[in-house]
Amino acid sequence: MNRNPYMRLALRRAALRTVVNTVIVLFALAPIAWGVVSSLKPANQILEVPPRFIPQDVTLEHYERVIGDKGLLFLGNSALVSAITIVFALTIGSIAAYAIARYEFSGRRILMIFTIGVMSIPIASLLIPTFTLLSVVGLINTHVGLILLYTAYQLPIVIWMLYGYFLSLPIEVEQAARIDGHTALGTLRRVVLPLSKPALVAAALFVLVFSWNDFVVAVTMTSSESVRTFPVAVYFYLGFYGREWGPLLASAVISIIPITAIFIILQRYFISGLTGGGVKG
Amino acid sequence: MATVTFRNVSKRYGAITALDSLDLEIGDGEFVSLLGPSGSGKSTTLNLLAGLISADSGTIHIGEREITHLPPEQRDLAMVFQNYALYPHMTVAENIAFPLEARKPRPGKDAIARNVSLVAETLGIGNLLARYPKEISGGQQQRVALGRAMVRDPRVFLLDEPLSNLDARLRVRMRRDLKELHRQIGSTIVYVTHDQSEAMTLSDRVAVFAHGQLQQVAPPREIYENPVNTFVANFVGDRETNFLDGILEGEKDMLFRSGSAVIKLGTQRLKNASQKVTLGVRPEAVTISRNADDGMCAEVIMTELAGAELFVYLRLISGQEIGMRCDPREVSLVTGETVSIRFDPHQIHLFDQESGQNIA
């Protein structure tokens with residue numbers, strides 16, 4: 001036993017921390033783990049009493065059912081809408097953020113406050129007016145309509161994230177690029193954005209999580225199967241005559257996989273220090 | 001012709017005047033240093049010329065072309081920043097090539113590579129081309145920054161305290177390299193520094209700034225020997241100038257009286273008759289007097305032996321401290337000793353006590 005009182009205190013704290021963290025992790029992951037496990041059980045074993053965590057028989061029938069039910073089409077729709085939304089939000093967002101970060105113009109502060117302010121408006125409160133607007137301009141029930149809405153919803157947070165990051169970059173590097181003969185946009189593209197990879201990745205993930213998971217906007221603005229996104233498709237397994245737990249859980253698991261994979265792949269970009277060595281002092 | 005002309009250029013930040021109606025002409029191929037303490041307006045001047053900030057009034061020309069309101073990329077300048085401002089995500093070769101890639105029409109890949117390796121060889125960094133800025137030393141980063149500026153063969157070079165992040169030895173060596181570089185390429189160079197010895201050793205002319213105003217522009221020697229005011233006299237020179245407040249007496253053969261000390265000035269032509277003056281004399285113009293009636297009594301407070309020179313701090317009877325610089329092989333003094341000192345009358349400067357302006 002360690003007799004050093006400080007050491008003992010530190011050990012006790014570390015132990016306590018581990019216990020608390022474990023509880024939090026279990027609490028957060030339990031539903032997902034239950035979902036994954038249950039999606040692999042045959043339909044008659046899912047609601048078995050008493051519940052069994054380890055499935056007796058493992059089957060992929062629910063997954064086959066989801067994929068067979070135009071699942072690939074819905075996944076494709078989600079991927080298309082998310083990808084284009086990310087491109088739009090990052091392109092417009094980076095130009096806007098750069099202008100606010102580096103150019104002096106009147107109303108700059110107000111613009112930034114406004115941008116942050118609109119983030120606090122709940123999307124649900126905008127559904128009816130946006131629905132009306134979208135039907136008037138003929139974009140209801142289209143991919144374009146969803147993409148434009150998602151871009152609009154996510155632009156403020158993208159601008160805000162990039163703005164903060166741009167301010168942290170050494171301005172001399174940008175000035176050097178200008179003096180070296182590159183235009184403002186050229187400097188943004190060839191110097192600022194490459195240096196902002198961590199912020200761009202973080203912003204892209206934000207947009208992705210929103211547009212991939214969005215249910216309420218998609219279910220309001222689309223009706224036909226050809227534009228249906230995956231979260232809406234999941235909802236359709238909550239049938240009128242009863243829940244189809246197997247396909248419902250399988251589709252939920254499918255929708256989690258791509259985002260988890262992308263997070264794991266892009267993890268390394270969160271590591272800062274990309275700007276090291278450019279400027280001295 | 002890559003002359004640079006500032007006409008009546010001012011820049012204000014709110015209530016603060018960063019630069020007050022600057023008139024300055026820099027000749028083609030000239031090496032001019034902008035010298036001053038921080039906040040003096042020297043960096044503002046450079047940034048105005050580079051186009052990084054915009055002037056409130058006045059015009060700036062390069063040659064015949066007015067550039068006052070042009071964006072930086074259209075000015076055809078090259079700049080070396082104090083912190084080098086290398087592009088961290090590019091290799092050394094890509095850093096040096098970057099200005100060439102902005103050219104229209106864009107030069108071919110081979111032409112760019114040829115230029116880059118030529119410049120890199122000149123600067124002795126040819127073996128570093130594939131490295132990233134964070135993988136090379138400060139002195140090497142400095143050379144890359146210089147290379148990036150040289151590669152485009154610009155009309156005007158701007159150097160913003162390029163040596164201040166280097167250690168002392170390297171700084172002196174780079175100073176020589178810069179001078180050699182200027183001799184080779186012959187471009188107009190505008191060099192900002194707060195280090196007077198850099199300005200003095202490198203430049204054809206030095207422009208001294210203080211409080212947003214240009215104080216004096218002249219070749220280093222003239223700045224040193226004929227400072228226009230007390231500020232320039234004190235700022236230029238690696239030791240402080242000695243200043244004594246006193247009163248002028250006499251018509252032709254003038255005397256300077258400060259307390260009990262009296263200094264014979266001989267015949268002086270004064271621009272402005274002024275009774276209350278400040279006398280300025282550099283430490284090397286202070287000597288030990290052989291005959292006592294000619295000099296002032298002073299007590300040795302401290303001596304500093306700095307290799308080739310001996311620097312002596314003295315105290316006059318009035319309590320005023322005087323610095324003296326002498327040759328340690330000729331003079332040896334001990335602390336507490338009393339000596340008689342005199343000022344070389346040819347190296348005495350007289351300034352108006354109120355305005356600080358030179359009246360001799």
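This is a predicted model: local features need pLDDT of at least 70, side-chain atom pairs count only at pLDDT 80 or more; totals for chains, interfaces and linings use all residues.
Reader: What makes S16 and S17 of chain B a strand pair?
Author: Pairing requires at least two bridges found by DSSP between two strands. Strand S16 (residues 296–306) and strand S17 (residues 309–316) of chain B are joined by eight bridges, so they pair under that rule. The two strands run antiparallel. The strands themselves are DSSP runs (E, at least two residues), as helices are (H or I, at least four), numbered from the N terminus.

Reader: Is B:Ala306 buried or exposed, and how do you know?
Author: B:Ala306, in strand S16 of chain B, has 9 other C-beta atoms within 10 Å and is therefore exposed. The count of other C-beta atoms within 10 Å of a residue's own, placed from the backbone, sets the class: 20 or more is buried, 12 or fewer is exposed, and in between is partly exposed. B:Ala306 lies 44 Å from B:Asn8 in space, C-alpha to C-alpha, and 298 residues from B:Asn8 in sequence.

Reader: Why is strand S3 of chain B called largely enclosed?
Author: Strand S3 covers residues 31–35 of chain B, and five of the five are buried, so the rest of the structure largely encloses the strand. Both faces are involved: B:Phe31, B:Ser33 and B:Leu35 point one way, B:Val32 and B:Leu34 the other, and all are buried.

Reader: Which strands pair with S3(B), and in what sense?
Author: Strand S8 (residues 188–193) of chain B pairs with S3(B) in the parallel sense over five bridges. Strand S9 (residues 205–210) of chain B also pairs with S3(B) in the parallel sense, over four bridges. B:Phe31 has B:Ile189 as its bridge partner in S8(B), and B:Val32 has B:Arg205 in S9(B).

Reader: How many helices and strands does chain B have, and what are its overall figures?
Author: Chain B has eight helices and 20 strands. Its C-alpha trace spans about 80 × 45 × 35 Å along the principal axes, and 39% of its 360 residues are buried.

Reader: What counts as contact between chains A and B, and how many residues are involved?
Author: Two residues are in contact if their C-beta atoms, placed from the backbone, lie within 7 Å. There are 21 residues of chain A in contact with 27 residues of chain B. Helices H7 (171–179) and H8 (184–195) of chain A each supply at least two residues to the side of chain A that touches chain B. H7(A) gives the largest share, six residues.

Reader: Why is the packing of H7(A) against H8(A) called oblique?
Author: The axes of H7(A) and H8(A) cross at roughly 140 degrees and come within 10 Å. Angles under 35 degrees count as roughly parallel, over 145 as roughly antiparallel, 65 to 115 as roughly perpendicular and the rest as oblique. H7(A) is therefore oblique to H8(A). The contact is made by A:Val173, A:Glu174, A:Ala177 and A:Arg178 of H7(A) with A:Thr187, A:Val191 and A:Val192 of H8(A).

Reader: What makes H4(A) oblique to H6(A), and which residues meet?
Author: Helix H4 (residues 108–118) and helix H6 (residues 143–168) of chain A pack at about 130 degrees, with axes 8 Å apart. That angle makes H4(A) oblique to H6(A). From H4(A), A:Met112, A:Thr115, A:Ile116 and A:Val118 meet A:Pro156, A:Ile159, A:Trp160 and A:Tyr163 of H6(A).

Notes: Residues are numbered from 1 along each chain as its sequence is written. Chains are lettered from A and ligands numbered from 1 in the order in which they are written. Axes are lines fitted to C-alpha atoms, for helices over the stretch in contact, and angles run from 0 to 180 degrees between N-to-C directions.
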